[in-house]
Amino acid sequence: NKIEEGKIILGKVSKITEKFLFLEVPGLKSEPVIDINEIKMIGIKDKIVVGSTLEVLLEKVEDKFGNVVVSAHKAMKIKGWESLVECHKKGELIECKYISKTKGGMIVEHVQSKTLCFLPGSQINDVPLKNVDHLIGTVNKFALVKMDLIRGNSVVSRRQVLSLNKKGDKKKIISQFKIGDIIPAEKCKCKGFSSFGV
């Protein structure tokens, strides 16, 4: 551990009570204490036992009361952002849960890090949806299309993923046929008429 304010440090859980979680961190004058509600909020309460290690953000080595101030939630957010940046660089898809509707789109939560991302209305689907209520609470894969490192904002797209899948399906279907093949009528569906054909 590099004991420095603003850095993520590793602590060992030394004690758990109904209200607090105590950490042992070599190099600090006193034990950092975390409110148990913070551990519940980030969804790791069931995973934490005495002896577990936990990453926390060291906010203050000593406040005006002489206490060490740390945050597991802020550490998770920072780590989550770093993992998103890495996925964006590599062009990897991420799993997100639809959280809520907003003006102009939706808010989704990166499952791994609990980081919130913006999903523009135009990127919700590859076809326009009149209602998106059925999506809330479900999990899907998304493409990370934009990351603002200064503001800490990220924009995702479900449309890109669906379009890529359709392209893959189209190639797969076309590869089954060759010129001259007769395709049975039950496998064909008329989608529309134009001046140059059907």
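Reader: How many aromatic pairs does a search of the whole structure find?
Author: This is a predicted model, in which local features need pLDDT of at least 70, side-chain atom pairs count only at pLDDT 80 or more, and totals for chains, interfaces and linings use all residues. Residues are numbered from 1 along each chain as its sequence is written, and side-chain values use heavy atoms, with hydrogens and water left out. Rings of Phe, Tyr and Trp (its six-membered ring) pair if their centres lie within 6.5 Å; planes under 30 degrees apart count as stacked, over 60 as edge-to-face and the rest as tilted. In the whole structure, the search finds one aromatic pair.

Reader: Which residues form the aromatic pair, and at what angle between the planes?
Author: A pair of aromatic rings is described by the distance of the centres and the angle of the planes. Here Tyr98 and Phe142 lie 5.4 Å apart, centre to centre, and the pair is edge-to-face, with an angle between the planes of 65°.

Reader: How many residues apart are Tyr98 and Phe142?
Author: Strands (E, at least two residues) and helices (H or I, at least four) are DSSP runs, numbered from the N terminus. Tyr98 is in strand E6 and Phe142 in strand E9 (residues 139-148), so the pair links distant parts of the chain. Their separation is 44 residues.

Reader: Is Phe142 buried or exposed?
Author: Buried means under 20% relative accessible area, exposed over 50%, and partly exposed in between (1.4 Å probe, protein chains only). Tyr98 has 1% and is buried. Phe142 has a relative accessible area of 0%, so Phe142 is buried.

Reader: Which residues does Ser154 touch?
Author: Ser154 is in strand E10 (residues 153-157), and Ser154 is buried because its relative accessible area is 3%. Contact means heavy atoms within 4.5 Å. Not counting residues up to four places away in sequence, Ser154 touches Trp81, Leu84, Leu116, Cys117, Phe118, Leu144, Lys146 and Met147.

Reader: What radius of gyration does the protein have?
Author: The radius of gyration is taken over C-alpha atoms, and the globule rule is 2.2 Å times the number of residues to the power 0.38. The C-alpha atoms fill a box of roughly 80 × 35 × 30 Å along the principal axes. A compact globule of 198 residues would have a radius near 16 Å, but the protein has 25 Å.

Reader: Which element has the highest mean pLDDT?
Author: pLDDT is the predictor's confidence in each residue, from 0 to 100. The protein has a mean of 87. Among its elements, helix H3 (residues 159-174) has the lowest mean, 79, and the highest, 93, belongs to strand E6.
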